[in-house]
Amino acid sequence: MTGSPLFDKIDLSLIRVLHTLISESSVSRAATRLNSSQPAVSAQLKRLRALTGDPLLVRSGQGMAPTDVALGLVALAWAQRRRSAA
């Protein structure tokens, strides 16, 4: 449906975690925003990294920066959401 076999294998709750990590640039702040623990968010990021074979987020001077794959996954999720709402 999305045209991406990888995206079809990923639980949307993991995309939500990724989106929050990108927004917050910090695992601890993302965990707080998601009402979750830091180890749980780290485990979800590890799972996403294993599924994609990409680091998804890399450390930068301002926290964590998303890779192109991370931005693509979030964009696919938003596009899918818009199609589902229509």
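Leaving aside neighbours within four places in sequence, Asp 54 touches Arg 49, Thr 67 and Val 69, where contact means heavy atoms within 4.5 Å. Asp 54 sits in the loop that joins helix 4 to strand 1. Its relative accessibility is 17%, so Asp 54 counts as buried. The cut-offs are under 20% relative accessible area for buried, over 50% for exposed, and partly exposed in between, with a 1.4 Å probe and protein chains only. Asp 54 and Val 69 lie 15 residues apart in sequence, and their C-alpha atoms are 7.1 Å apart in space.

The model is a predicted one, in which local features need pLDDT of at least 70 and side-chain atom pairs count only at pLDDT 80 or more, while totals for chains, interfaces and linings use all residues. Residues are numbered from 1 along each chain as its sequence is written, and side-chain values use heavy atoms, with hydrogens and water left out.

The protein chain has five helices and two strands. Helices (H or I, at least four residues) and strands (E, at least two) are DSSP runs, numbered from the N terminus. The order from the N terminus is α-α-α-α-β-β-α. The radius of gyration is 13 Å, close to the 12 Å that the globule rule gives for 86 residues, so the protein chain is as compact as a globular protein of that length. This radius is taken over C-alpha atoms, and the rule is 2.2 Å times the number of residues to the power 0.38. Along the principal axes, the C-alpha atoms fill a box of roughly 35 × 25 × 20 Å.

Of the 86 residues, 37% count as buried. Among contacts with a separation of 6 or more, 50% come from residues 24 or more positions apart. The protein chain exposes about 5200 Å², and carbon and sulfur atoms supply 54% of this area. Accessible areas come from the Shrake-Rupley method with a 1.4 Å probe; for residues, only the protein chains shown count as cover. The 11 positive and 5 negative charges have mean positions 5 Å apart. Lys and Arg count as positive and Asp and Glu as negative, with His and the chain ends not counted. Each charge is placed at NZ of Lys, CZ of Arg, CG of Asp or CD of Glu.

The largest nonpolar core has 21 residues. Such a core is a set of buried Ala, Val, Leu, Ile, Met, Phe, Trp, Tyr and Cys residues joined through side-chain atoms within 4.5 Å. Leu 18, Leu 21, Val 41, Leu 56 and Leu 57 have the most contacts inside this core. Helix 2 (12-24), helix 3, helix 4 and helix 5 (68-85) each supply at least two of its residues. Helix 2 gives the most, with six residues.

Leu 56 lies in the loop between helix 4 and strand 1 (57-60). Its relative accessible area is 0%, so Leu 56 is buried. The phi of Leu 56 is positive, near 65 degrees, in a residue other than glycine. Beyond neighbours within four places in sequence, Leu 56 is in contact with Leu 18, Leu 45, Leu 48, Arg 49, Ala 65, Pro 66, Thr 67, Val 69, Ala 70 and Leu 73.

Asp 68 is found in helix 5 and is exposed, with a relative accessible area of 69%. At 42% relative accessibility, Leu 71 is partly exposed. Apart from neighbours within four places in sequence, Leu 71 is in contact with Ile 22 and Pro 66.

A positive phi, about 55 degrees, is also found at Asn 35, which is not a glycine. Asn 35 belongs to the loop between helix 3 (27-33) and helix 4 (38-52). Its relative accessibility is 73%, so Asn 35 counts as exposed.
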